[in-house]
Amino acid sequence: MYSSLVADPPLIREPLHAPVAHLIRGGVVEGIHYGSVVVLGADGQVRFQLGDIEAAFYPRSALKPVQAVAMVRAGLPLDGELLSLTAASHSGEERHLAGTRRILELAGVGEDALRNVPDMPYDPVVRDVWVRESRPPSRLAQNCSGKHAAMLYTCVLNDWPLEGYLDPGHPLQQAIAEIVEDLTGQRIAQVTVDGCGAPLFSLSLNGLARAAARITSAAPGTPEARVADAMRAHAEMASGAGRDVAALMRAVPGLLAKDGFEGVQVAALPDGRSVAVKIADGANRARVPVAAAALAWAGVDPSVLAEFQGEALLGGGREVGRVRPVRSLEPVVVSACA
C-alpha cells in the first residue's frame with residue numbers, strides 16, 4: 001500500500017494556502033481562514049487537496065503519535081493509558097500528572113531529569129484551580145510531560161545518556177528522526193525546537209497524512225498498532241476531558257486523531273484513509289470544522305460529525321453566524337474515497 005522509499009524533503013517556501021473556512025455573521029462573510037487540506041484514500045493516493053500540501057511546515061504536536069511509535073520501536077514497553085500519555089498534549093489533569101510520575105518511576109529517574117519547560121496546565125479550568133491554590137508552573141503539568149518522561153525511559157532502556165536527550169544529535173532524537181522519515185516517506189526539511197524544548201521536524205502536510213495512515217493501518221501488535229490502539233482506547237489520556245480531539249475519536253469508530261498548536265490536525269481510519277489540516281493563522285475555531293469536513297470527504301458519515309461543524313457566533317446572546325468550511329469542502333462528495 002505504501003512505498004518504503006524515502007523521497008526528497010519538501011521545499012521550504014511560503015505555503016500557497018487557500019481559503020478553507022468562512023466566518024459568516026448574519027449571512028455575510030465577515031472573515032476568512034486560509035490553510036491547506038489533504039485527504040488520502042486507503043491506497044495512499046490523494047483524493048482531495050486544497051491549498052499547499054507539499055510545502056514544508058511544522059506539524060507541532062500532531063507528530064507525537066509518530067514520536068511514540070519511534071520510542072516503542074526502540075524498546076519502550078508501555079501500553080494502554082501510559083502509551084497514550086506518551087503521545088499526549090494533555091490538559092494537566094491529576095491523572096496526567098500521575099501517569100507521568102508512573103513513567104518516571106518505571107524509568108528509575110526523578111522529575112528533575114525532565115527538560116521540558118515548566119508550565120501551568122493547558123486546560124483553562126484546571127489552570128484556574130492551580131492559580132487559586134497558588135501552585136507554581138511545573139514540568140509535570142506542561143502538556144508534553146508524558147512524552148518527555150517516555151523519552152527518558154527510552155534512553156534508560158537503551159543505555160543512552162539522559163543528559164542532552166533533547167539535542168537533535170542525541171541517539172534518541174536520531175532514532176526518532178529516522179522513524180519520522182520512514183513513516184512520512186520523505187526526508188526532514190528542517191529541524192528546530194518545539195515549544196516544550198524537543199526537536200521539531202519539518203515535513204509536508206501530505207507526509208503527515210501518510211504517517212497517520214501507516215500507523216492506523218499497521219498489523220496488530222506492531223509498534224504502530226500499539227500506539228493507535230492506546231490512543232483510541234484512552235483518548236482523554238492523550239488530551240483531556242472536554243477536548244475536541246477526544247470527542248472526535250469517540251464519535252468516529254476506529255479513528256485516530258491528534259491536534260497540534262498553530263491549527264494542525266491529523267486523523268486516520270483503520271483502513272488507511274487519512275486527512276491532515278493546517279490553518280494558516282493557527283485558529284482552533286477553523287481547525288475543527290475543516291477537519292470534520294475533510295473526514296466527510298474521506299467517507300465518514302456526516303451525521304456523526306454534526307457536533308464538529310463549526311463554532312457558533314453570538315450576537316446579543318443569540319446565534320447570528322458560524323464558522324463554516326468553504327463550499328469545496330462541504331461533505332456533498334462523501335463517497336469520494338469509498
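**Salt bridges, burial and a helix**

Student: What makes the pair Arg-47 and Asp-43 a salt bridge?

Tutor: A salt bridge is a side-chain nitrogen of Lys or Arg within 4 Å of a carboxyl oxygen of Asp or Glu. For Arg-47 and Asp-43 the N to O distance is 2.6 Å, so the pair meets the rule. This is a predicted model, in which local features need pLDDT of at least 70, side-chain atom pairs count only at pLDDT 80 or more, and totals for chains, interfaces and linings use all residues. Residues are numbered from 1 along each chain as its sequence is written, and side-chain values use heavy atoms, with hydrogens and water left out.

Student: Why is Arg-47 called partly exposed?

Tutor: Buried means under 20% relative accessible area, exposed means over 50%, and partly exposed is in between (1.4 Å probe, protein chains only). Arg-47 has 38% and Asp-43 has 33%, so both are partly exposed.

Student: How many salt bridges are there by this rule?

Tutor: The count is 20. One of them joins Asp-52 to Arg-13, with the closest N and O atoms 2.7 Å apart. Asp-52 lies in the loop between strand S3 (46-50) and helix H1 (64-73), and Arg-13 in the segment before strand S1 (18-25), so the pair ties together parts that are 39 residues apart in sequence. Helices (H or I, at least four residues) and strands (E, at least two) are DSSP runs, numbered from the N terminus.

Student: Is Asp-52 buried or exposed?

Tutor: Asp-52 is buried, because its relative accessible area is 8%.

Student: What does the salt bridge of Glu-224 and Arg-73 tie together?

Tutor: These side chains meet at 2.4 Å, N to O. Glu-224 is in helix H8 (residues 223-233) and Arg-73 in helix H1, so the pair links parts 151 residues apart in sequence. Through shared partners, salt bridges join Arg-73, Asp-182, Arg-214 and Glu-224 into one network.

Student: Why is His-148 called buried?

Tutor: His-148 has a relative accessible area of 0%, so it counts as buried. This residue lies in helix H5 (residues 145-157). Its side chain makes a polar contact of 2.8 Å with that of Tyr-165; the rule asks for a pair of N or O atoms within 3.5 Å, and within protein one must be able to donate a hydrogen and the other to accept it, while residues adjacent in sequence count only if both atoms are side-chain atoms.

Student: How do you know that the span of helix H10 agrees with expectation?

Tutor: The expected span is 1.5 Å times one less than the number of residues. For the 14 residues of H10 (residues 284-297) this gives 20 Å, and the end C-alpha atoms are 20 Å apart, so the two agree. Twelve of the 14 residues are buried, among them Trp-297.
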